[in-house]
Amino acid sequence: MSLKEQKLFFTRNGQYTVWEKLNSLNLESFDEIYYYLIQKNIHSPEGYPHLKAFPHHLYKIYENLSDSSNDKETFELKVNQLFNGIENPKCDFNALIYYINTTVFDIQSIILNLEQLKHNLESLDIEGLEMDIWSDESERIVDIRFTSEKKLYFKENNNIQYLNTEIRIYVDLKVMLLTNFSQYTHSDNEKNKFILKVVEKISSLRTELFKPIKLSDHTLRKLIVMEDQNFPAKLKFHIEGRFKVGIDIDHSTSASDLISQEEIKYFYDKYPLSLIRVKINDDDEKLINLDGLNGKIFSRSLNLTSEDINEFVEKISILLEYDYLNINYKKDILSMASRRITVPNQTRENLVSTIYKAIEGYIQHNINDHTGVFVKLISNTFFYCLKEKIVFSGQFTQPHEIKGILDERILGYTKSISGLAKDDINGILFCLFNLYKQNVDNLTNLTLSIHKSIQDTLELMRDASGQ
């Protein structure tokens with residue numbers, strides 16, 4: 001790829017450079033331009049170029065023509081004529097994902113605030129910086145493009161490259177995507193300035209550090225299991241922090257069927273996921289990757305549209321909005337234990353590990369989940385409730401409807417660490433089992449139901465305390 005290419009995705013709007021147009025044409029079109037230039041006496045033949053060299057050869061002719069000459073305009077008109085007869089080329093995609101976990105302003109206020117930023121770019125301290133804004137109020141989307149020049153010196157030649165960094169804001173989803181093409185977008189430091197300034201203009205968030213959201217192992221597992229809509233094409237596992245193992249999946253299959261295959265089940269049950277590649281709507285040609293460790297969404301397929309990205313972001317937004325249910329709270333529980341139980345550190349760690357293993361085993365015993373995702377969701381929620389002392393009331397199933405009972409010793413340990421009564425601890429589990437039974441095998445609805453129950457309980461707790 002040449003640095004003359006513009007890596008534009010959301011804000012392309014039909015804008016292509018002559019270089020990009022030439023690189024989209026075929027040999028037949030190159031021939032037509034080549035002999036057209038000879039016919040018009042714009043170019044004297046110096047040998048017929050090789051196919052791969054044709055775009056560069058024609059572009060050099062174009063560059064050497066005077067900006068004020070009719071020949072340059074004639075050349076460009078011919079290129080446009082041929083380019084307009086083909087499907088517009090698409091580029092690959094690479095972006096960082098940001099989630100705004102606070103109030104986002106309404107779209108009219110966002111546009112007004114961004115317009116103010118547009119006329120005060122000096123605060124970003126980037127020479128020659130320009131900013132453009134597009135909005136789609138019906139789709140609740142705002143696009144921003146930051147553009148500036150970068151001077152390149154090579155063999156005593158002074159060339160100019162245009163850097164473009166785009167930000168797409170999904171107002172209702174509280175999600176932002178920032179394009180992240182190496183060498184074609186701005187530096188990491190400059191992009192950090194952009195994201196901080198933009199998030200300040202569109203939300204109540206005020207911070208000096210705003211990082212892409214990391215997608216946990218559990219989050220990635222939830223995505224491929226959610227209603228089996230996203231057919232996995234690749235799974236990459238992180239092996240004990242030392243290396244990664246990638247498994248390519250060459251045929252369309254649901255996550256449930258895939259996980260049951262012995263070769264994949266070995267890694268799936270034992271190691272965390274760090275990256276997944278999924279097919280969009282079972283389209284074998286449209287592939288998109290989620291890099292959980294770096295909070296990155298990308299695709300090397302040259303066939304994705306903005307609508308494809310919008311649809312995918314809509315799917316993952318529930319995972320981002322309710323990310324607190326994707327977190328393993330073992331460190332928090334261990335911290336609680338250190339304040340309440342006076343024993344050696346190793347003994348304390350063993351105790352918490354024993355509680356975790358027993359609780360997850362008890363959950364697995366009561367729900368049929370070979371994916372492990374439902375068990376983890378209920379486990380994460382249970383320990384989150386212990387951490388925040390959230391006790392559900394009046395909505396849990398009676399104990400006799402549950403298979404078996406939680407070991408009295410585990411109940412005692414959990415009571416000592418959390419400070420909650422044994423009945424309250426059981427009540428949290430019974431409520432979660434009841435919610436699961438109401439939403440069997442529907443991960444999206446179960447997540448929403450759990451979140452609603454937590455919020456309703458918190459509201460009751462605030463009312464009871466007079467807050």
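**The whole chain**

Keep in mind that what you see is a predicted model. The chain has 467 residues, and 50% of them count as buried. Its secondary structure comes to 16 helices and ten strands. If you draw a box around the C-alpha atoms along the principal axes, that box is roughly 95 × 50 × 45 Å.

How do the parts of the chain touch each other? Take the contacts between residues at least 6 apart in sequence: 64% of these join residues at least 24 apart.

How many aromatic pairs does the chain have? The count comes to 24. Let's look at a couple of them. In the pair Tyr59 and Tyr62, the ring planes meet at 40° and the centres are 5.9 Å apart, so this pair is tilted. Planes under 30 degrees apart would count as stacked and planes over 60 as edge-to-face, so an angle in between gets the label "tilted". Both residues sit in helix H3 (residues 54–64), where they are three residues apart, about one turn of the helix. Tyr59 and Tyr62 are both buried.

Another tilted pair is Tyr329 with Tyr384, at 5.5 Å centre to centre and with 50° between the planes. This pair links distant parts of the chain, since its partners are 55 residues apart. Tyr329 belongs to the loop between helix H10 (306–321) and helix H11 (330–340), while Tyr384 is in helix H13 (residues 373–388). Are these two buried or exposed? Tyr329 and Tyr384 are both buried.

Here are the two pairs side by side:

| Pair | Centre to centre | Angle between planes |
|---|---|---|
| Tyr59 and Tyr62 | 5.9 Å | 40° |
| Tyr329 and Tyr384 | 5.5 Å | 50° |

Rings can also gather in groups. Which residues make up one aromatic cluster here? They are Phe30, Tyr34, Tyr35, Tyr48 and Phe54.

**Charges over rings**

The charged end of Arg221 sits over the ring of Tyr268, and the distance to the ring centre is 4.2 Å. Lys330 does something along those lines with Tyr356: it lies over the face of that ring, 5.8 Å from the centre.

Note on methods: Residues are numbered from 1 along each chain as its sequence is written. This is a predicted model: local features need pLDDT of at least 70, side-chain atom pairs count only at pLDDT 80 or more; totals for chains, interfaces and linings use all residues. Side-chain values use heavy atoms; hydrogens and water are left out. Helices (H or I, at least four residues) and strands (E, at least two) are DSSP runs, numbered from the N terminus. Buried means under 20% relative accessible area, exposed over 50%, partly exposed in between (1.4 Å probe, protein chains only). Contact means heavy atoms within 4.5 Å. Rings of Phe, Tyr and Trp (its six-membered ring) pair if their centres lie within 6.5 Å; planes under 30 degrees apart count as stacked, over 60 as edge-to-face and the rest as tilted. A charge sits over a ring if NZ of Lys or CZ of Arg is within 6 Å of the ring centre and within 35 degrees of the ring normal.
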